[in-house]
Amino acid sequence: MMDAEIESLAVLGAGSMGHGIAEVAAIAGYDVVLRDIEEDLVEDGYEQIEWSLEKLAEKNQIDQDPDDVLARISTMVDLEAAVADADLVIEAAPEDLEIKRNIFADVDAASGEETIMATNTSSLRVGDIAEATDRPEYVCGMHFFNPPVKMDLVEVAAGEQTAAAVIDAGVEFVESLDKTPIRVRKDVPQFVVNNVLTPFMGEAGFMYDEGDVEIQDVDAAMVFQRGYPMGPFELNDFGGLDIFYHSREQWDDPIPESISSRVDAEDLGRKTGKGFYDYDDGEGVNYEPTDGEGIDTLRIEARMINEAAKLVGDDVADPEDIDIGMRLGGGLPEGTCRTGDKLGLDTVLEKLRDLHERTGAERYEPADYLVELVENGHTGEKAGKGFYDYSDGGPYHYISHELTEEGKLHVLFDREERLNAFSTDMFNEVQRLLETVDDEDVACVVFEGAGDRAFSAGADITGFTVAEPTDLASVDETVQTIYEYPRPTVAKIDGFCLGAGLEITLACDLRYATEGSRLGSPEIDLGLIPGGGGTQRLVRLVGEPRTKELVYRGMQLSADQAEDWGILNRAVEADEFEETIDDVVDDLVNGPQTALEVAKQVIQEGQDASLDTGLSLEAQGFGLLATTDDMLEGVAAFNQDREPDFGGD
Ligand code: NAD
């Protein structure tokens, strides 16, 4: 149908979202036209991009000259000229159906026949906008989050008539921006993330309307008991109560009285100085960890899970995409489908049914898909199946891995939105992977953090207030599993490597870091000590005074210092890093496997034994190796002055 190569784009609207989207695209190398209705508006947008690029450059978050990026952006007021050569037009004009329809009709007339037209709408239907064009199959939703430069998620959404190739091209485009796309397959207003997040704020409002809970208690319970990054009232104040109000009102959804009355009084949240909390005359957000007794947190989560179930059941989105969306777009520590599977979908269903019975309100009507799951016994993780299938342990949410033919197992800590901080689930996934992968196929393991900011910033402390002490024990178990893994392990550190992140690297055999990396044990600042073997492994590595200094003072070391102290094998310049790691891996995958395994074993076991015991361990190992084919090959290669070709025996 189309040659969907996207090379140039036009962004319509230079406001909060438009200028950010233009900036992101220009950073990724696209030529961008930024258009607004008046010269000074589009200039404002351009200046904001200039400012933002300077900031990124100051913080070393782009590796290009800001001027080169700016040179790819041109500003225009004339719509026809702006879209004439664009392969993709992204509209980020005000959230008003008529305005958007007019824009789309004009774009349709002025652009090429195969130009893809995308809307950044937050709450309108794609199809309602597409109707204004003669080519609805070329119209899609492309929903960036605020601010686009920082937020990694983009929802790519289909209207009823959107061509599959347009969605594919949209997904590919988003990936080329180094962002994470999720697919929204059907035309639901608000797409995925805001649909699931709406009841978080809405249901809290309804609970407050009933009159027997305090704002602070609800927020504290969701944050400190359930691990959400903000409480529902806090979040609503942050985003603006008017935004919440309008997104519900236009679809005739019931709105809590506590929200509509504040909107009427123009207490819209942070931006007006007052919402649920008072920011000007009061203390602002003022809940404490000890608040939140007796709050029915399940009531709020049940509604979010129900919303997710509707989306899955209606084939709008997959659980995986919903969960990635909620993590990256909603800032949640875990995806909502995953939460449902952990809570038990039967428990969730029962809560909804109780509420429905008590109030008769439509919003508690259980989704057909949720009912179906429960009726089939698919009640979640404990039952082996829920939104996800756990029969093989379930999907990995927080790590990804790849095992190459030559035997390199690459493990990526894949939680960039939290600087790859370790939750209990994430520890468990690392452990499960190492326990289930076939060791015979693995020659070495390389651990790395996603993105270029962190290996891992530590254990996820949002989980700490929620976790049982027994959960926290999984830190130690995982670290030990890494330490005892029979094959050589390599920590590839680029960025922050703190707390549990450092402990994991200490359990690895070899440690390399880029020069800009920072290593440390900040646990003391939380009133804790390292809990994954950090104190014990450090003291063996760097001695008592340095360990104590690191731990007592929560110090961070530069990579050079860490190399000096002997924590790192090497600190490496950033542009030599990949090559350095490749060389190490090369040696490990091509080396004699049994000898490497025995070497690891005798070095580790001998360390804490007496010298005599250590020497006899080594002698045993040596004796064992003297009979292998690898040894014969090694000796033969040496005699013939060639590279050995080890068969792994
Ligand atoms: P904004 O008010 O900051 O910017 C809108 C810009 O569009 C203004 O500069 C306005 O002058 C311009 N404009 C008006 N008519 C236009 C036209 N005919 N052609 C081109 N430009 C025109 O709004 P925003 O926050 O950037 O939101 C833009 C869109 O993105 C909305 O649909 C909104 O729902 C959506 N969105 C917003 C957020 C957010 O958090 N702000 C997040 C995701 C999506």
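Biologist: Which helix does T198 lie in?
Modeller: In this predicted model, T198 belongs to helix α8, which covers residues 193-209.

Biologist: Is T198 buried or exposed there?
Modeller: T198 counts as buried, because its relative accessibility is 11% and the cut-off for buried is under 20%.

Biologist: And what is T198 in contact with, leaving aside neighbours within four places in sequence?
Modeller: With those neighbours set aside, T198 is in contact with Q190, F244 and R248.

Biologist: Let us turn to the ligand. How many residues surround the ligand, and which are the closest?
Modeller: The ligand is surrounded by 21 residues, and the closest are R35, D36, E95, K100 and S122.

Biologist: What is the make-up of that shell by class?
Modeller: The shell around the ligand contains nine nonpolar, eight polar and four charged residues.

Biologist: You listed E95. How is the side chain of E95 placed relative to the ligand?
Modeller: An N or O atom in the E95 side chain is 2.5 Å from an oxygen atom of the ligand. For N146, a polar side-chain atom lies 3.2 Å from a ligand oxygen atom.

Biologist: What share of the ligand's accessible area does the protein cover?
Modeller: On its own the ligand has 830 Å² of accessible area, of which the protein covers 76%.

Biologist: Which elements give two or more residues to the shell?
Modeller: Those elements are α1 (16-27), α5 (97-110) and β6 (139-144).

Biologist: What about β9 and β10, do they run parallel or antiparallel?
Modeller: Strand β9 (residues 399-403) and β10 run antiparallel and are joined by five bridges. Within that pairing, S400 has L412 of β10 as its bridge partner.

Biologist: How many residues lie between β9 and β10 in the hairpin?
Modeller: Four residues lie between the two strands of the hairpin. In the turn, G407 has a positive phi of about 105 degrees.

Biologist: In which sense do β10 and β11 pair?
Modeller: β10 and strand β11 (residues 444-449) pair in the parallel sense, over six bridges.

Biologist: Which residue of β11 does L412 stand opposite?
Modeller: L412 stands opposite E448 in β11. L412 is also the partner of S400.

Terms used:
Residues numbered from 1 in each chain as written. Predicted model: local features only at pLDDT ≥ 70, side-chain atom pairs only at ≥ 80, totals over all residues. Heavy atoms only, no water. Near = heavy atom within 4 Å. Polar contact = N/O pair within 3.5 Å; in protein donor to acceptor, adjacent residues only side chain to side chain. Areas by Shrake-Rupley, 256 points an atom, 1.4 Å probe, with all protein chains shown as cover. Nonpolar A, V, L, I, M, F, W, Y, C, P; charged D, E, K, R; others polar. Buried < 20%, exposed > 50% of the residue type's maximum accessible area, 1.4 Å probe, protein only. Contact = heavy atoms within 4.5 Å. Pairing = 2+ DSSP bridges.
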